[in-house]
Amino acid sequence: MQGNSVEYKNFQIDAELLDVIKHMQSVEEIREKLNDLSRNWDSLSLLSQLGEAGVNMSEIKHNFTKLSSKLINHLSNETLKKSVSEMHSKAQVAVDIVIRNLFERTADIGFLSTDSEIRKLLVSNHTKYSEGYEENITLIQKRFVEYIEKYSVYSDIVLMNTNGDILANIDPKNKSSKSKDPLLQKVIHTQEEYVESYGYHDFLPNHEKSLVYSYKVTQTNDANSEVLGVLALCFRFEDEMEGIFEKLVNPQTKECLTLLDAQGSVIASSDAYHIPLGARFEKILDEKYKIITFGGREYLAKTCATNGYQGFFGLGWYGHIMIPLEYAFKEKQQNDYEVSKELLLAILQHGKQFPEVIKSIPLEASSIQNNLNIAIWNGNVKQSSSSQNKQFSRALLQEIRSTGENTKGIIGASIASLTKTMVLGDSVFLAALIVDIMDRNLYERANDCRWWALTPDFRRVLENKQLTSQDTQMMCEILKYINDLYTVYTNLFVYDRDGVVVAVSNEEESYLIGRRLSQKWVASTLALQNSSEYCVSDFEKTYLYGDKHSYIYNASIRSLEDEKEVLGGIGIVFDSQLQFESMIQESLPQKSEKSGVFALLATSEKMIISSSDAKHKTGEILALPSKFFALKEGESLSEIIEYQGDYYALGVKCSNGYREFKSKDDAYQNRVYSLFFSLISNVEETLLEGEEGYALKQDIPLSLDADSIDIATFMIGDLHYGVESSYVIEAREISEMKPIAKVDKEHYFKGTVLYEDNIVSVIDLGQFIAQNKKADYNNIVILKGKTNRDYIGILVGALGEIPSVHANQIRSLQEYIVGDKTLVQSMVFPESSKNSSDVLSILSVEKIYWELVRPEQKHMALLEANG
């Protein structure tokens, strides 16, 4: 138990679980099953008093009841832990994803505010009444429309002069002509690189609240240049949050995901009818979770502050999630992936990430059941020598064993299911997070190349058939200015209609100027039909990225006079190695390297794009089944796999694009797969253990008449053996055996066990038996030897039934045929109606005694027999 315990419906649980356990349907179902079995134990305890079962029912029930409480307590704790972990992840991702997005907006406003066409308009048309305003404003609005078509995260662009006169915007519903918003003066006098504001803006009167990125437009890039006006980019905040919430929210739990402002007020809600905008909440930052009441309903709640992105933290917002308590533990619909209980329990025992207290539960259940099996087997042996209530007592013992196995089965299945949940956990969630961040990032790259291709200076220069050195220098300077703002690229380059590079942003790659590009994406770019289209290279090695793998995004540069005419193109080299590694690494759990966790991105051809694990190199092909790469857009899969000698939990997610990027309407389609690996255990060390207990042989013909003989059966290796039960004293756990020092470690004498103050030698018959697998021993069967105080112990695996077999079904082995060197004296064959080749071999206790225990006295025994 983790803390103070309380009783809950006959089970002891941690006190902190009392308010939530009744809402855990899966735990409640298991509790009900265990309660039913508890009632069965009570009934069996009463019945055992009528027969001679020889089983301590009080002890057995106490042990199972204690273990059941332990199981329910830990199932509840892990269920709570899983829900709280998911809440934390969702609240954290909700705020961090939007902050990542908004970081890109700060670069956009910085770049667009230096646009030469906007500067020209403000210089020549400082007010709406300037000459030529109508003609110029049409051109600038067209440019704004082009921008928003590329960067669809914006709903409007507003351009104002320093007096607040609105000179241009593109929202036809926005009829505002002048702004008196305090934001203007703040922007005009700011020393920062942008101004971020959320609230009511009078130049956006149709929006109660809006998120705006603003900056001053100056005559030049000089820090002291004259301010000409103010430019504002209006972010589609509600639309963006709707998309984020849609991917994160699980409708089954009725959860509501929100963003809180710095004061704790809701500014975005996944369900505004559930948690309305403007509602204010306590920020639950230091606690793992808290149960709160809102609107007369109890919720599990958690708040997360943003981790920021590259030093950008936005306006101090928080991710906040609330789940109605009665739905908080409703499980998601799982995929149909099945894994054996045996493998899951083996993984549990050998995986380092599992708590020892959970590992102990199935071991304790097996130990209790094994002790029960021994007690029942011994009880059946005792009944063999008794004629009173024999049939009733054996039936009772069978029911006790069955109830024990059912109890152990429920415990084992519950722990196996818990193990599967713990292993697969958030593998798909993390894989989806990585690929979503990637899609959002590459969306920006597709936008950048198309927008920069519209740069008027590029279009004017490329109209010339011959470029001057001044033309080249000017374009290089523009490209460098852009590249300094957008640092995710190693180089930007412009090429003419022949594919010849005419300008670069990176001075170290100036050698490219004058070089003709022959890659297939160059021809594809020059054949694009309009400014909305773009072209992306395959993910391949290229000298344009230092002979490393990368994507190169391209857009055609079109004539200002005739937009159908293509003059050349712009290529932007994505810094794939650095950027992809960063996307993956920042999405992984902390301390992932020590815990055997890594993730990678790969193409549909299984080629690695990037990996957080140094052993998986970019460009290598993954040795994984093709089914993981057959997933379609947005589909996911999680499984336990064998990979490079280890068991891993693997979560896979196929990319699904972002907004219009890689949507069904986008000509560019490129499936990328995110794979999240979490090490479980080494395959060789993870031994699958068979079920201990009874080796049931239904093929053995049974009889209850006077001519029947009781046979005590057991397993040695994979074979069934037995002895007449009259020779059996009792079975013991192998842990009771005391090993002794031996000169020959391979000798069949393995140790001793104490029985009624007598030292009993324990031997291994497995060395004398040809079998398919090495014998695995759990028990010792003590047999009567030559005299009343002479005993033999033999090692056995699972204990079996003790059937009463009719004498005519037992066939003796003729020594003149098989010789006298076998330890088997007779055999029981299956019924003729059974289609089975399995037989039960009955061992000769006398031969075991004389051949293995007292071989030196064998000749004396023969003389006595013949004398």
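Reader: Where is lysine 742 found?

Author: This is a predicted model. Lysine 742 sits in the loop between strand E28 (728-733) and strand E29 (749-755).

Reader: Is lysine 742 buried, exposed or partly exposed, and what is the relative accessibility behind that?

Author: Buried means under 20% relative accessible area, and exposed means over 50%. Lysine 742 has 28% relative accessibility, so it counts as partly exposed.

Reader: Which residues does lysine 742 touch, leaving out those up to four places away in sequence?

Author: Lysine 742 touches His747, Phe749 and Lys750.

Reader: How far apart are the C-alpha atoms of lysine 742 and serine 393?

Author: The two C-alpha atoms are separated by 43 Å. Along the chain, lysine 742 and serine 393 are 349 residues apart.

Reader: Now the cysteines. How many disulfides does a search of the whole structure find?

Author: A disulfide is a covalent bond between the sulfur atoms of two cysteines. The search of the whole structure finds zero. Take cysteine 304: the nearest cysteine sulfur belongs to cysteine 256, 15 Å away. For cysteine 449, the nearest is the sulfur of cysteine 535, at 9.0 Å. The cut-off for a disulfide is 2.5 Å.

Reader: Are cysteine 304 and cysteine 449 buried or exposed?

Author: Cysteine 304 is buried, with a relative accessible area of 3%. Cysteine 449 is buried too, at 0% relative accessibility.

Reader: How many residues of helix H16 are buried?

Author: An α-helix has 3.6 residues a turn, so residues three or four places apart point the same way. Helix H16 (residues 845-853) is mostly covered, with seven of its nine residues buried. Among them are Val845, Tyr849, Trp850 and Val853.

Terms used
Residues numbered from 1 in each chain as written. Predicted model: local features only at pLDDT ≥ 70, side-chain atom pairs only at ≥ 80, totals over all residues. Heavy atoms only, no water. Buried < 20%, exposed > 50% of the residue type's maximum accessible area, 1.4 Å probe, protein only. Helix = DSSP H or I, 4+ residues; strand = E, 2+ residues; numbered from the N terminus. Contact = heavy atoms within 4.5 Å.
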